[in-house]
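Notebook open, model loaded. I want to look at the metal site, then at a couple of helices.

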Amino acid sequence: MLTSIATVSLSGTLEAKLRAIAQARFHGAEIFENDLLTARSTAREVAAQLRDLGLTCTLFQPFRDFEGMPDDLRVRTFDRLERKFDLMQELGAGLLLVCSSVSPASSGDRSRIVTDFRELAERAARRGLRVGYEALAWGRHVFDHRDAWSVVKEVGHPALGLILDSFHSLARSIPIESLREIDPARIFIVQLADAPIVQMDYLSWSRHFRNMPGQGELPLVDFLATLLEIGYGGPLSLEIFNDQFRATSSSTVALDGHRSLTFLFDQAVRRLAPRFLPELPPRATPGGFEFVEFAANEEESGQLESMFTALGFSRVGRHRSKNVARWRQNRINFVINSEPESFARAYDAVHGASVCAVGVSVRDIPGALHRAEGLQIPRFSQPIGPGELVMPSIQALGGSLLYFMPAGREDEIWDCEFLAAGGGGPDAGLESIDHIAQTMPYEEVSSWLLYYVSLFELAKTPVAEIADPLGLVQTRALESPGGGLRLVLNASTGSRTLSARFVQGYHGAGLQHIALATGDIIATARRLRSLGLPILPIPRNYYDDLAARFALEPALLDELAQLNILYDRDAGGEYFQLVSRAFAKRFFFEIVERRGYRGYGAANAPIRLAAQSRYRDDIER
Ligand code: MG
Ligand code: MG
């Protein structure tokens, strides 16, 4: 796979963009004309920089409003073209993108368009250059790759080819099967972009909402698999216009871009097996969260232990050589890491006591690590003591870590690393981790989404918008097949929502809540009350509304109200939720009981957010 990315996809100066592109291991770059016009370097200097960085210039773009011009404008258009050819030769660019005309002055006369392109091809050939024709989704006369291809075919000149752009084709729902009509040797470059499905004009949709393959909802895998199947072997180049990406560091976006192409190619190739062989092991199927690790200094660890005790956890183990304790309740493992001079301590110094790592069970750890490496997700390593195991881990959200645990052999790891200690009293009926919710700056959501879905076998659920008293919060869940691992990503554009204040207070992205599953929420709630867990109070009005919405037994309703339990129902069944007060205003626990319910209590989130916001105000006042 030859990878490329358009400079327009990235923020910063042209010079910085090219460095980021090379660092992310792309083979080439499309030079967007505006980036060159605003650069301090001359075209020749940019050519030298490309050479030094080992990058190919895959495309110079765009040349607009070329075809079908009336005679007087036609002469000027060709003059303009010759000047661009001069520039391309200085730049070392061999291919020019001509996008279909949007000019009101242009004619849709077919023979005229063909004549123009024939002359264009001849002029390009004289200079040893090539030109590709791209159908813009909003082109005036040509807006379908089938029409652009028919022009290219009719001109029949080796210097003129087709440029495909997944956005233009898929936004207009042009049948992917039509790609099979194209001679793959005449496709000079394929531009790739995904996008969410939104109802708006093509131009605005394209200019602001394109995103990386895998981040949107267009059928990119079908598109690429079909191109590979017909024998296309040229560059795959990202061309992403996105407001958020332009506000994010170029190195992050370039790395995400490369990751998205690797992931897309991997999916397409898997679809075509055994004709094509994947380069990477398959996505890891996560069994679930095996543990959650909390960083805490000596003082904070005492507070954390009190909270764990009030949740019905017991301290069951201590690490052989480090100041690390294991707390457990049924299948839930919490680790408190208070080891000085450790990753956890450094994390705690930045964020305060909080979750610094999670452990995820997977069947094939070497495979998962190999895949992470292929996706350019860095490994993490720290010094280990005598007799300790190397716990493989990778860098994760907000500078935290993600450990891989061997599925089915987790106990061996615990027994090897931890000495039995204590044990405990009766638990609170909490059985497993239902989900964890991570909160992040709005512009990081698509990046972390890609991180998770490219590495793990996880399905995306649609984005839900939740009303916070001070703005909107967007939330999206990722689920493994069978629901063993559920993860919720939250973010908001507003600066005063709970999500936004979390990010500010936390100094970045992090874990905001952990939902623990019980089989009997009433019994668990009573037990937690007797253990003294501080619970978030829910206003009585909520229960009056519940009574109006659902036909619940008055006795049950009363019980829910007394215990501050939230209720929801979907096509799958019922959901009960209880929310703890936050630990140091940083993270909280949710207790949930699912009776076939599939969601995450989005209907109750505004109630929960309002209650949390009120409680925050109370303590801040
Ligand atoms: Mg394009
Ligand atoms: Mg939740």
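Ground rule for the metal: I count as donors N, O and S atoms within 2.8 Å of it (3.2 Å for Na, K and Ca), and with water not among the atoms, sites may look incomplete. This is a predicted model, where local features need pLDDT of at least 70, side-chain atom pairs count only at pLDDT 80 or more, and totals for chains, interfaces and linings use all residues. Residues are numbered from 1 along each chain as its sequence is written, chains are lettered from A and ligands numbered from 1 in the order written, and side-chain values use heavy atoms, leaving out hydrogens and water.

**Metal site.** I looked up the magnesium ion (ligand 1) and found Glu134 (OE), Asp165 (OD), Gln191 (OE1) and Glu239 (OE) coordinating it at 2.1 to 2.2 Å. The spacing of these donor residues in sequence reads E-x30-D-x25-Q-x47-E. Glu134 sits in strand S5 (residues 130-134) and Asp165 in strand S6 (residues 160-165), so this pair ties together parts 31 residues apart in sequence. My strands (E, at least two residues) and helices (H or I, at least four) are DSSP runs numbered from the N terminus.

**Burial.** I call a residue buried under 20% relative accessible area, exposed over 50% and partly exposed in between (1.4 Å probe, protein chains only). Glu134 is buried at 3%, and Asp165 is buried at 2%.

**Helices.** I checked H10 (residues 250-271): 16 of its 22 residues are buried, so the rest of the structure largely encloses it. Then I noted H4 (residues 71-91), whose buried residues include Phe78, Leu81, Phe85 and Met88. Gly92 follows H4, with a positive phi near 80°.
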